[in-house]
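Please read it beside the sequence and the coordinates.

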Amino acid sequence: MNLRTTLLVFLCFCATTVLRAERVDMLKAGAKANGKALNTKLINSTIDRLNRGGGGTLFFPAGTYLTGSIHLKSNITLELEAGATLLFSDNFDDYLPFVEVRHEGVMMKSFQPLIYAVDAENITIKGEGTLDGQGKKWWTEFFRVMIDLKDNGMRDINKYQPMWDAANDTTAIYAETNKDYVTTLQRRFFRPPFIQPVRCKKVKIEGVKIINSPFWTVNPEFCDNVTIKGITIDNAPSPNTDGVNPESCRNVHISDCHISVGDDCITIKSGRDAQARRLGVPCENITITNCTMLSGHGGVVIGSEMSGSVRKVTISNCVFDGTDRGIRIKSTRGRGGVVEDIRVSNVVMSNIKQEAVVLNLKYSKMPAEPKSERTPIFRNVHISGMTVTDVKTPIKMVGLEEAPISDIVLRDIHIQGGKQKCIFENCERITMDDVIVNGVLLAASLSAEAQTQTYETEFARPLNEVLTDIQNRFGVRLKYDIDTVGKVLSYADFRIRPYSVEESLTNVLAPFDYKFVKQKGNMYKLKAYEYPRRTDADGEKMLAYLNTLYADRQAFELRVDSLKKEVRQRLGIDTLLAQCVKSKPILSKIRKFDGYTVQNFALETLPGLYVCGSIYTPQSKGKHALIICPNGHFGGGRYREDQQQRMGTLARMGAICVDYDLFGWGESALQVGSAAHRSSAAHTIQAMNGLLILESMLASRKDIDTSRIGTNGGSGGGTHTVLLSVLDDRFAASAPVVSLASHFDGGCPCESGMPIQLSAGGTCNAELAATFAPRPQLVVSDGGDWTASVPTLEFPYLQRIYGFYNAKDKVTNVHLPKEKHDFGPNKRNAVYDFFADVFKLDKKMLDESKVTIEPESAMYSFGEKGALLPEGAIRSFDKVAAYFDKKAFADLKSDASLEKKAMDWVASLKLDDEKKAGFAATAIYNHLRKVRDWHNEHPYTTIPEGINPLTGKPLSKLDREMIADSAMPKEVHERLMKELRRVLTEEQIEQILDKYTVGKVAFTLKGYQAIVPNMTEEETAYVLEQLKLAREQAIDYKNMKQISAIFEIYKTKCEQYFNEHGRNWRQMFKDYVNKRKEEKKAQGKK
């Protein structure tokens, strides 16, 4: 067979196949077009026959065809000629028996939809004819039922109500819906939607006109690939006759439609409350374009049934004229679900009776409750290119206190004829650009419009609202690292400076001790006030002030004398030194390397308290320079590679170098815990350690040249380098690295915990460094941290002071503008050159490759776990706190307890990698502290009294605690999980989460397995899944009562699951209790 013959046969086959799709003229097939004879059986039997044959079209010529419920099946098309009307019966019995439908987001059994399809594919309704639902009788009966229920309570007033009771598991339905739906369920009479395909694919509705729907008009449920194009929906003023309502559908395209209805024109939904969350089917990938909406409660609406979530929706090129609202997104407490990624563009509205744009998370009056899966979320909504004329409320956005509406963009919106002000409540991160209401730029008018306060109330407004206004007014983005919950700002709008965002932020944040930091572009980060950190401009002003205090050397030296005395007093160093013991250091064996040796030491300072470190000594003979090297906050402490390189290299060059642990780091943590480092005590103790090590070295060694004593450290070690040089005049050279600034005192309490910067009326680290003049001093700085200002600010100041001594050449600055905050090779080389010059070290020995990097364990004095600590050694920070104000360290005691808990939890994993273990323990400790601090700072009294929606009883103290704690920023939880996943396996993470919740997952699962006879694998998997969800949520709560309450929420879901899958939870529990009683009784007899 040649190619041409083959192609011809193939085309003939295709033509034959196409011709097989039968087209039935229903008038010729026997249908009555008089509007009186019922055609239901003929229509449905024709559909069945065509479906069995592979599909076909039911064609309705002009005429009126009375019918009951039509059941579409795969590959079926209903086509209506112009002049043809499918007139649906208003006899309710024609929609029996009840079938499974979804009514207002609730799965139930009720009347058959007028046009119905289940699990079908490729179904079409098209043409130029009309579908008439004859809804009036349905509407009348609906009103009769509703009024009777209100007047007389629940009773049967038609035969369909007991039928509904018999057909449905009413207990389960009530259990899975909020209390705001109870009255609706009590009607027990639910009108059918006009068109409801369920779980169908490739659904098309094109061209037809639909009128008088009994209830929702076009309502695809759980469908994929739905096209609704060019239809007209005209429902007379009537209850709940929404136009197009896709629910839990994917890939829906609605275009070129004209809609005028008795409720919302187009509404996107995904089910109601717990049932929909359990089903978990979102509505997504929805496009709505080129439509006109006239009468209707809303033009395009999302919700309020959105418990399965709604996402990825575009609405464009539409006209709303006379609707109650334009764009509306609505939900309420108890729904749960997320509405996100919504874009609205090119919309024209006029004669809008209520709001043009409304996002409302308080659609129904539901009392406050803890944040949970029942909490709905609105986020990521972008609205642009909108023109509105004649509207009551231009824009209204109302979030929940526990779940603000977030990340909204409003752009190019022009509204004229707005009768009321815009409303923004509980919103975060709203960006506005060219939003004009009644001729006024909205961002500039929000503050004035929102203000309804008076002199008597100090014009107070919630802080979060004021910050939102600032974003809108100035077109900036605010990144929050502060707590705004419950904070109210007095004289709020009077603090705004219309000409300056930064002055406005300063005025608004200052009453709460908050500040801002300018970041890239239009971003500002909001932070808690940091007393040790100021701006470059502040540093410049400070140095200018200090320069006025001394014009010459004599005046400066008087200032130095005052500074040195007061620094000692404010640091409390002499009081502490007076209580120190005089003891010889505990020394390890000397380890010999290429050109140098290393020896570990432990020096007892206060009774039972040791400072540990290492002494690097040149192998060359004679007297050597001594360099005391306080450590900084670089990861790995004094054990890190670059630290050993620096110590070993300087020793090879001819200097004895001593480095030592920060207080609460390294071996010090074995005695006091790492939490102790974050205390003011660390400031004094670290300074004390440096001085005592110097004293010990001079007293115990004869190979030190006392004229060549220096100090050198980086970051926090640089801060202590300067402090040591102030405290002891025996230092002859100083080299602070990446630390010195006039506007930063050091970000850790070990650098700024004691108020030494208040000495002599106020000073800064630059002036403290200047007191070292005229002795040689190197300042190393870089472009990537706070030392970036040194070349233009601090260094010129130091040169001026050294100039008093004709010694400008004695102070030098090595600035590395392209480098960041570290102690890298270039910074180390600057240090080598400096000490080689001032102490005459041998530069020929400068070769870092000759330095041996030792393992951390080799550098311990007391062993990895402190096993070799002396008998009288301190084992807790409490013993050290006795030398200070113990009350000041109450929080630190709690920190130490949390730290121990975190370390014990991680230790139980028996990790081989100590770095990973340390990282995990730090992540857990930080999370535990955040949870504790949030709980303590947000007591239950911050939550108003109300009604618990689950019990109907007043909110208990526990309820209110949980509501308050549930508002903790989600970033706290997300950061913990992200950091744990960096270093732990999922199995290890589960073990940690079990530690948080004291093994409740396993314990509770075991309980279910004991109560539920022969629990199946599927049941076990579901219960385990729910318990794990409970566990992860519960870790963000502080005490066991709260954790147990979270588990109760998920246990209720498990018990509902058993009831829905053929089990009777109450009976099983009762049987279990009786069984246990019998067992105990039997044991008693024995």
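1. A disulfide is taken here as a pair of cysteine sulfur atoms within 2.5 Å, and a search of the whole structure with that criterion finds zero of them. The model is predicted, so local features need pLDDT of at least 70 and side-chain atom pairs count only at pLDDT 80 or more, while totals for chains, interfaces and linings use all residues. Residues are numbered from 1 along each chain as its sequence is written, and side-chain values use heavy atoms, with hydrogens and water left out.

2. Cys422 is buried, with a relative accessible area of 5%, where buried means under 20%, exposed over 50% and partly exposed in between, using a 1.4 Å probe and protein chains only. Cys657 is likewise in no disulfide, the nearest cysteine sulfur being that of Cys629 at 4.9 Å, and Cys657 counts as buried at 0% relative accessibility.

3. A nonpolar core is a set of buried Ala, Val, Leu, Ile, Met, Phe, Trp, Tyr and Cys residues joined through side-chain atoms within 4.5 Å. The largest such core has 119 residues, of which Phe60, Leu72, Leu131, Ile231, Ile288, Met386 and Met397 touch the most other members. Strand 26 (residues 338-360) gives the most to this core, with 10 residues; helices (H or I, at least four residues) and strands (E, at least two) are DSSP runs numbered from the N terminus. The core draws at least three residues from each of domain 1 (16-134 + 194-262) and domain 2 (270-449), with bounds that come from an automatic or database domain assignment. Apart from this core lies another, of 95 residues, among them Val560, Ile615, Phe663 and Leu724.

4. Leaving aside neighbours within four places in sequence, Met397 is in contact (heavy atoms within 4.5 Å) with residues including Val357, Leu359, Phe424, Glu425 and Cys427.

5. Helix 17 (residues 716-727) reaches 17 Å from its first C-alpha to its last, close to the 16 Å expected for its 12 residues, the expected span being 1.5 Å times one less than the number of residues. Of these 12 residues, 12 are buried, including His720, Ser725 and Leu724.

6. Ala236 is found in the loop between strand 17 (232-234) and strand 18 (250-255) and counts as partly exposed at 32% relative accessibility. Its C-alpha is separated by 6.5 Å from that of Val261, 25 residues apart along the chain.
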